[in-house]
Amino acid sequence: MEQARRKSSRSWTAAVALVSLFAVVAVAAAGAPVPRRILVDTDMDTEDLFALLYVLKQDRSKFDVKAITINANAWIDAGHGVNQLYDILYMMGRDDIAVGVGGDGGISDAGEIHPDVGGYLPLIDQVLSTAGGCRYRQAIPPGSHDGRLDTDTNSGVRRGFLPRGPRQYEPLRQPTAQQVMVDTVSAGPTTLLLLGALTNAALLLMAHPHLRRNVERVYVSGGGVRVPGNLFTADDTNPFAEFNMFCDPFAAYVVLHSGVPVTLVPLDATNRIPVTEEFFAEFGRRWQSTPEARYCFQSLDQVLRRLRRPAPGLHGSTGFYLWDSFTVGVAISSMGNGEVNGGNDFAELEYMNITVITSNKPYGARDGSNPFFDGRSTPKFGLKEGGVHSGHVQTGIRDSFCLVEGSNTGRCQDGYTKEVAGSEGVWVELPRAQSQTRITIARLIGNFSRAS
Ligand SMILES: [Ca+2]
């Protein structure tokens, strides 16, 4: 019991670390004349707002957010995502930050990626059109029960709270995510903070391999290595995948195997950081001094009002965790410490040999589920016959291939960040499974005091 209480306390202090910075102006940089150029790719889920504001509150002389791109094939729809982000940036006095989303192009049968390729679909469903269903997005409820409608409106908090800025979503004129990414990464070494499905980042790395040298590191929020996945709507078909990886497994594979340095912050780490009632109460009592803190608190309040109701299949105390915020905390702290030996204030990092599962065995069997191979004389993107991408690809959350008779635990692994041996995997940096968050309240209060 004592151990459990201490564990809970550590999780709580990590959560405190993240939220307290909403009320903190970061300490001026000492001897750091060149700011890190940062691009954030987000699916604009509620918790992404915490992470975004955490980054935007940093000292710009150290961490300069140049652009934000939106992943529109998961939790949010393009126009809603852009408008909310524009208003948040207006509130934060950052109308200078470029925002990109979607695009009307696609990927040809020959594998040519068009410059205006859309981020509305995962790579496997991309053709020369933005129309069509996304097999993975079915895992996300479309309505208002912790689904896209909640995210699109931020549970109604956005309209009631945010000031309306001068920028608005323009369907045919909105800069595309690819355009914004290419412009930003071309302009100088850039660190990518990836807080949703990895479609946009994968397209960038595939279509512009020469720009990989300008990507200093990618920090990825997602995956689950030694813990179960969190597809609470699809456990009976795929108990392995985490949402962000599942929404575009092939894109995740591309990013992790791209050769760009990767730090992955999976469920193994974030499962230890649930939003607890204790944390929520503390947030309400102590951190209401800025509009951004109040916006996050009200957003969280709405989420918890839903999650507190019985919700079959949701695991964890509230079902809500600081996934992306923790990732951003690890990223900022690591960058601040020079990214030397995984040194950061949130978690101890280690290397693991992992890959992302994109199809299921038996490999090479044609069953109509895999458009990279089915009906083609040569596989798309030059993929290998009989290789790891050539098996059955999960077609939806009720895919009968993935069901196991007599069991409520499915067998499909699409999107699973799996530990493997040898060259099948890549060495990726991630928080040590046993690592403890080392942030203390005293340190946080110290930061807070220095801000005044
Ligand atoms: Ca996210």
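**Briefing: a predicted protein chain**

The protein chain has 14 helices and nine strands. The model is predicted. Of the 452 residues in the protein chain, 49% are buried. Among contacts between residues at least 6 apart in sequence, 78% join residues at least 24 apart.

**Confidence**

- The pLDDT of the protein chain averages 85, and 86% of the residues score at least 70.
- Residues 1-11 have a pLDDT below 50. Beyond near neighbours in sequence, this stretch has six contacts in the model.
- Residues 24-29 also have a pLDDT below 50. Here the model shows 14 contacts beyond near neighbours in sequence.

**Helix α7**

- Helix α7 spans residues 199-207. Seven of its nine residues are buried, so α7 is largely enclosed by the rest of the structure.
- The buried residues of α7 are Thr199, Asn200, Ala201, Ala202, Leu203, Leu204 and Leu205.
- Strands β1 (36-42), β2 (63-70), β4 (190-194) and β5 (215-221) pack against the buried residues of α7. Helices α6 (177-186) and α9 (249-256) pack against them too.

**Helices α2 and α13**

- Two packed helices are described by the angle between their axes and the distance between the axes.
- Helix α2 covers residues 46-56, and helix α13 covers residues 323-336. They pack at an angle of about 20°, with their axes 7 Å apart.
- Angles under 35 degrees count as roughly parallel, so α2 is roughly parallel to α13.
- The crossing of α2 and α13 is right-handed.
- On the α2 side, the contact involves Glu47, Asp48, Phe50, Ala51, Tyr54 and Val55. On the α13 side, it involves Trp323, Asp324, Ser325, Thr327, Val328, Gly329 and Ile332.
- The residues of this contact between α2 and α13 comprise seven nonpolar, three polar and three charged.

**Residue Ile88**

- Ile88 sits in helix α3, which runs over residues 78-91.
- Ile88 has 24 other C-beta atoms within 10 Å. A residue is buried if that count is 20 or more, so Ile88 is buried.
- Leaving aside its neighbours within four places in sequence, Ile88 is in contact with Leu52 and Leu162.
- Ile88 and Glu292 are 204 residues apart in sequence. In space, their C-alpha atoms are 8.4 Å apart.

Technical notes: Residues numbered from 1 in each chain as written. Predicted model: local features only at pLDDT ≥ 70, side-chain atom pairs only at ≥ 80, totals over all residues. Helix = DSSP H or I, 4+ residues; strand = E, 2+ residues; numbered from the N terminus. Buried ≥ 20, exposed ≤ 12 C-beta atoms within 10 Å, placed from the backbone. Contact = placed C-beta atoms within 7 Å. pLDDT = per-residue confidence, 0-100. Axes fitted to C-alpha atoms, helices over the stretch in contact; angles between N-to-C directions. Parallel < 35°, antiparallel > 145°, perpendicular 65-115°, else oblique. Left-handed = near helix turned anticlockwise from the far one by under 90°. Nonpolar A, V, L, I, M, F, W, Y, C, P; charged D, E, K, R; others polar.
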